[in-house]
Amino acid sequence: MGAARLLEHEVFRKASRREPCPVCGHPDWCGFNSYLCSCMRVGEGAIKHITLSNGQVAHLHRLQPGRVIPGQDREDLFPREAPLAPADARDRVYRHFLRLLDLHPRHKEELIRRGLSEGEIKRNGYKSIPEQVNPWIICKKLTRSGLDLAGIPGFYRAESKYGGSYWTFNSSPGYFIPLRDTKGRIQALQRRMDDKRNGKYMLFSGHSDRGGCSCGTPAHVARPGEVKDGRVWITEGQLKADIAAAYLSAVVIGAQGATSWKPVVPEVLELGAREIVIAYDRDQETNKEVARGKRMLAAELKKLGITVREAIWRARSKEEKGIDDALVAGLEIRVVGS
Ligand SMILES: [Zn+2]
């Protein structure tokens, strides 16, 4: 019975006849919320095993949007339009896709200005959204090489003048930032837009009314060339995470935003991190949402037995409120709290 009480930040619902356990399918004993399941019966595929005070072992499984659990019809539990393709399939398509694109000099210059080296830019795989080639031609190249674009966020179907439909994607200018999981697989693409009127960053996602699907708000696991700091750092923003990882020589998880902290938790568990450092923007005093997101993330991780610390620095200007800018500016970063 203790499993349902394990995590209470997003309340764990107890498995019931109406909502059986999404992992084992039984109507009792297990608990789950929208992104984690604490199954008491199935250990296989779990990201963490927790021994409860009564000696029973709860197996924590991550629940991904659209993930289909064998033998279990989850349609009515977490309904969504198009099922997301498995991580391996998304990785294969995105790698192929990015290989067909180039990085425009103006985007490369911007990344260098942000503090990344040419080597890191190449390794992380940033590519410009194509401006000269029609999106459907690129999609055709992908499908001709045997790739299925169904369930790959960012791609959707457009109606053909001559009847039928074809694959395409939004090609508003900007560049792609690959978002990786703990295994380095590209699970989604972030876009840094040239025209920032609708927001600097927009996920490559959506159009679910036209055969597309949403990637949710994935957290990005940024890895440096060499890991020298065993702690896992957490920041808001994926490009920020790439830059911070390079300067810290640590694995840095980039949340989609301070309020999208939930997808960060399974990544931390999968990395097996014992100690994490939260390095959110230093405008928490004035930004209540950031402060709240940080508090909830910290509380959730502490409940899972992870040591939570916080990075602080003295920002001399608005430009140094992010951990990336602070590191690039050479500010002293202190890690506090226990
Ligand atoms: Zn179960």
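Start with the aromatic cluster that F97, F155, F169, F176 and F204 form together. The model is a predicted one, where local features need pLDDT of at least 70, side-chain atom pairs count only at pLDDT 80 or more, and totals for chains, interfaces and linings use all residues. Residues are numbered from 1 along each chain as its sequence is written, and side-chain values use heavy atoms, with hydrogens and water left out.

Search the whole structure and you get nine aromatic pairs. Here, rings of Phe, Tyr and Trp (its six-membered ring) pair if their centres lie within 6.5 Å; planes under 30 degrees apart are stacked, over 60 edge-to-face, and the rest tilted. Take F97 and F204: the ring centres are 5.9 Å apart and the planes sit at 5°, so this pair is stacked. F97 is in helix α1 (residues 87-99) and F204 is in the loop between β11 (201-203) and β12 (220-222), so the pair ties together parts 107 residues apart in sequence. Helices (H or I, at least four residues) and strands (E, at least two) are DSSP runs, numbered from the N terminus.

Buried means under 20% relative accessible area, with exposed over 50% and partly exposed in between (1.4 Å probe, protein chains only).

F204 also pairs with F155, this time edge-to-face, at 5.5 Å centre to centre and 80° between the planes. F155 counts as buried, at 0% relative accessibility.
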